[in-house]
Amino acid sequence: MSVGDGRRPEPRYSRIVGELRQRIETGKLAPGERVPSTREITRQWGVAMATATKVLTELRREGLVRAVPGVGTVVSVPERVAGPSAAPAPAPAPAAPASAPARRSTPSASATPTGSTGLTLGRIVAAAVAVADAEGLGAVSMRRVAAELGVATMSLYRHVADKDDLLVRMMDAAIGERPLPADPPPGWREPLAVAARQLWGLFRAHPWLAPAMSLTRPQLITSAMMYSEWVLGCLSGHGLDDQAAFTAHLTLLNYIRGLALNMQTEREAEAQSGLDSEEWMDAQEPAFRATLEGGRYPALARLARAGYDFDLDGLFEFGLQRLLDGLAVLLDGDAPPSRA
């Protein structure tokens with residue numbers, strides 16, 4: 001478009017948005033796949049960081065992409081709905097060492113019978129989990145869940161005592177959707193790794209689950225108790241008494257939960273700032289590099305020059321193997337610690 005025709009030229013960021021939109025529409029960028037980061041956009045299109053940030057902001061506004069903590073910005077819709085005002089749909093949970101279950105979609109009130117007809121505990125819990133998955137635990141209330149189901153708020157109390165009761169049932173349902181195998185692998189190390197990866201996958205699929213779970217005031221969650229039983233059973237007969245085995249279980253659980261807390265924290269930070277983690281880091285980079293120029297932090301300066309690919313899944317797996325290496329020192333008759 002020429003300037004002489006009386007119309008303003010199309011902004012550069014709009015052209016980039018158009019190119020990425022086309023990649024998504026044609027399937028070149030599949031659901032859940034990462035889109036170029038702000039840094040990659042600046043490199044590929046030769047634009048400023050502010051322009052690259054505006055590109056991702058526009059794609060998020062159109063509902064085409066969403067930020068996933070520890071992963072980056074990914075395609076968020078299973079298929080493109082025409083028009084830039086299409087409502088965003090949640091992306092599949094990012095791949096974890098154990099594949100994560102598909103995210104639930106929030107039930108539509110229009111698809112629900114008016115009043116309490118057909119209302120069940122299962123439907124209430126499923127609706128609450130869907131709201132928490134999409135918007136965080138803070139969005140879950142008895143009124144909100146009732147609105148999602150198209151029923152009166154008081155009708156929920158025929159099935160759940162209060163919000164705390166609902167939360168426990170949500171956690172039980174979320175953990176129960178991924179049962180452990182009926183027969184554990186031989187030994188102790190691989191069974192513990194299986195349980196750890198499945199739990200990590202659940203926290204990945206439901207970012208609200210880790211902060212909702214308490215280590216000091218454990219909730220009565222039957223499906224979670226099956227994880228405890230699995231770990232204790234796998235450690236039985238390998239040189240640890242029940243007390244030490246349960247301590248090992250809690251240590252492993254708290255490592256996974258503690259790392260998973262970052263996903264919900266990142267979700268909240270993104271909502272408040274409007275920036276995903278990559279965009280936020282890009283904005284901090286000038287100040288960070290200026291601090292490193294003084295020579296006081298040579299190791300960090302070397303790392304900054306080389307670059308560091310932050311990946312929560314990789315961090316999880318590294319820490320898991322080191323914890324299992326430590327347990328190997330305590331357990332009798334097992335192979336030397338892994339060097340992976």
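Which side chains meet in a salt bridge at 2.7 Å, N to O? Select Arg21 and Glu62: their side chains form that contact. Keep in mind that this is a predicted model.

**Stop 1: Arg21 and Glu62**

Stay on this pair. Arg21 sits in helix 1 (residues 12–25). Glu62 is in the loop between helix 3 (49–61) and strand 1 (65–68). The two residues are 41 apart, and the pair links distant parts of the chain. Now show the surface. Glu62 is buried, with a relative accessible area of 2%. Arg21 is partly exposed, at 22%.

**Stop 2: Arg197 and Glu317**

Next, select Arg197 and Glu317. Their side chains meet in a salt bridge of 2.6 Å, N to O. Arg197 belongs to helix 7 (residues 189–205) and Glu317 to helix 13 (residues 312–330), so this pair ties together parts that lie 120 residues apart in sequence. Arg197 has 19% relative accessibility, so it counts as buried, the cut-off being under 20%.

**Stop 3: Asp325 and Arg322**

Remain on helix 13 and pick Asp325 and Arg322. They are three residues apart, about one turn of the helix. A salt bridge joins their side chains at 3.0 Å, N to O. Is Asp325 buried or exposed? Asp325 counts as buried, at 11% relative accessibility. Arg322 is partly exposed, with a relative accessible area of 27%.

**Stop 4: a network**

Finally, select Glu135, Arg144 and Glu148. These residues are linked in a network of salt bridges.

Conventions: Residues numbered from 1 in each chain as written. Predicted model: local features only at pLDDT ≥ 70, side-chain atom pairs only at ≥ 80, totals over all residues. Heavy atoms only, no water. Salt bridge = Lys/Arg side-chain N within 4 Å of Asp/Glu carboxyl O. Helix = DSSP H or I, 4+ residues; strand = E, 2+ residues; numbered from the N terminus. Buried < 20%, exposed > 50% of the residue type's maximum accessible area, 1.4 Å probe, protein only.
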